[in-house]
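I opened my notebook to see how this chain is put together. Here is what I looked up, step by step.

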Amino acid sequence: MHKKKITPTGALLYVFLTVVLVFMMIPFVWLLISSLRPNADLFNEPFAVPKTLSFENFRAVMESHPMLLYFANSVAIAAIATVIAVGAATLAAYAMQQRFLTRKSLTVLFSMCLFIPTNAFMVPYYVMINKIGLYDNVLGIALVYAGVNLPMSFMVIKGYMDTIPGELLESAKIDGATAGQSFWKIILPVSKPGIVTACIFLVINSWNELLFANLLNQSDSSRTIQVAIRSFLTTFEANYAYAFAAMVISILPTIIIYALLTDRIIGGMTAGAVKG
């Protein structure tokens, strides 16, 4: 077997990517080390080489706060929001595959929703969630996440559905299949990579979201892990060691998800970027 020779351009590219990777890893490594240091050391010498490292901060965080409840709330909210948003986006994307007069206008309208600042939704969502009695409720936060992430989910799934040959739907119509049968038996199975990609992005976005979770939360019953992290950094007391330990706990699930499903994410995005 002949070994593949590395060209000078390829070598420079590898060096460049290695440098970028190192710079990207430095904040995470510092966060991990800081989570193992006493809070007093972080205040006195935040960037010094630590003298002692221990898992005391992790133990204290788990014992002094209902982190498992916050963790479960985040999981439930991410799951509910993903099911609602991806389900609605899949149906909407399939509807846009049909030929009707306002199809392009509706697609543009959905696309424009991506450019609206998230902060613009704070007051309307707060008022609506209070009106329907879902304030300080896991379901209320999940509904808001679903609404905020719906345009992005729609564009990802539609981008993938646009790569499906139109002849498939035409053949199904000729064979007498209804719109529902075409969706369940043809479009949905073929669109699975795009749907999985949208699910992954929505889960990660929901897991890391803080703005609406903090706005719509008042008690431990619906508090997410991101809001719990913020509670360690209050106006009157800042326990950075506990906050960093909680951050590491919250980051690990998203790292695991992305590491396990990287191929699906890249495959879904690239497939939707090229018209088949």
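**Entry 1: the core.** I started with the largest nonpolar core, which has 34 residues in this predicted model. Tyr145, Ile157, Met161 and Ile187 have the most contacts inside it. H7 gives the most, with 11 residues.

**Entry 2: Tyr145.** I then looked at what Tyr145 touches, not counting residues up to four places away in sequence. I found Ile77, Ala81, Ser206, Glu209, Phe212 and Ala213. Apart from this core lies another one, of 19 residues, and Leu42, Trp207, Phe244 and Ile249 are among them.

**Entry 3: H7 and H10.** How do the axes of H7 and H10 cross, and within what distance do they come? The axes of H7 (residues 138–161) and H10 (residues 192–208) come within 9 Å and cross at roughly 155 degrees. Angles over 145 degrees count as roughly antiparallel, so H7 is roughly antiparallel to H10. The crossing is right-handed. On the H7 side, the residues making the contact include Tyr145, Met152 and Ile157; on the H10 side, they include Ile195, Phe201 and Leu202. I sorted the contact by class and got 10 nonpolar, 6 polar and no charged residues.

**Entry 4: Gln226.** My last stop was Gln226, in helix H12 (residues 225–231). Is Gln226 buried or exposed? Its relative accessible area is 14%, under the 20% cut-off, so Gln226 is buried. Leaving aside neighbours within four places in sequence, Gln226 is in contact with Trp207, Asn208, Glu209, Leu210 and Ser250.

Notes:
Residues are numbered from 1 along each chain as its sequence is written. This is a predicted model: local features need pLDDT of at least 70, side-chain atom pairs count only at pLDDT 80 or more; totals for chains, interfaces and linings use all residues. Side-chain values use heavy atoms; hydrogens and water are left out. Axes are lines fitted to C-alpha atoms, for helices over the stretch in contact, and angles run from 0 to 180 degrees between N-to-C directions. Helices (H or I, at least four residues) and strands (E, at least two) are DSSP runs, numbered from the N terminus. Angles under 35 degrees count as roughly parallel, over 145 as roughly antiparallel, 65 to 115 as roughly perpendicular and the rest as oblique. A crossing is left-handed if the near helix is turned anticlockwise from the far one by less than a right angle, and right-handed if clockwise. Contact means heavy atoms within 4.5 Å. Ala, Val, Leu, Ile, Met, Phe, Trp, Tyr, Cys and Pro count as nonpolar, Asp, Glu, Lys and Arg as charged, and the others, Gly among them, as polar. Buried means under 20% relative accessible area, exposed over 50%, partly exposed in between (1.4 Å probe, protein chains only). A nonpolar core is a set of buried Ala, Val, Leu, Ile, Met, Phe, Trp, Tyr and Cys residues joined through side-chain atoms within 4.5 Å.
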